[in-house]
Amino acid sequence: MPWDRPGSWDGATFGVYRALVALRREVPELRHGGLRWVCADDDALVYLRESLFGSVLALARRALRSA
């Protein structure tokens, strides 16, 4: 994201970033506690965030490209 050039931002991508920031603010496990890697490969990362409040399993992966 070219943060220093707001005029060149893609609105959809910026919306996703805003939603992810809001989710992080709402869910304490995403800010505090431990991190445990579950899986990491060329296309995906899976990790568990654990705290006294609970646990969150997160998956981040590359977007599938249409043929």
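A residue is called buried under 20% relative accessible area, exposed over 50%, and partly exposed in between (1.4 Å probe, protein chains only).

This is a predicted model, in which local features need pLDDT of at least 70 and side-chain atom pairs count only at pLDDT 80 or more, while totals for chains, interfaces and linings use all residues. Residues are numbered from 1 along each chain as its sequence is written, and side-chain values use heavy atoms, leaving out hydrogens and water.

View 1. Let's start with L23, which lies in helix α1 (helices are DSSP runs of H or I with at least four residues, strands runs of E with at least two, numbered from the N terminus). L23 counts as partly exposed because its relative accessibility is 40%. V16 is also placed in helix α1, and its 47% makes V16 partly exposed too.

**View 2. The largest pocket.** Here you can look into an opening of about 190 Å³ (a pocket is an open set of points on a 1 Å grid over the protein atoms alone, where a 1.4 Å probe fits, with protein on both sides within 12 Å along at least five of seven lines; lining residues have an atom within 4 Å of a point; the volume is the space filled by probe spheres set on the points). Its lining includes L20, L23, R24 and Y47. Helix α1 (11-26) and strand β3 (54-61) each supply at least two lining residues, and the largest share, four residues, comes from α1.

**View 3. V16 and S55.** These two residues are 39 apart along the chain, and their C-alpha atoms are separated by 22 Å.
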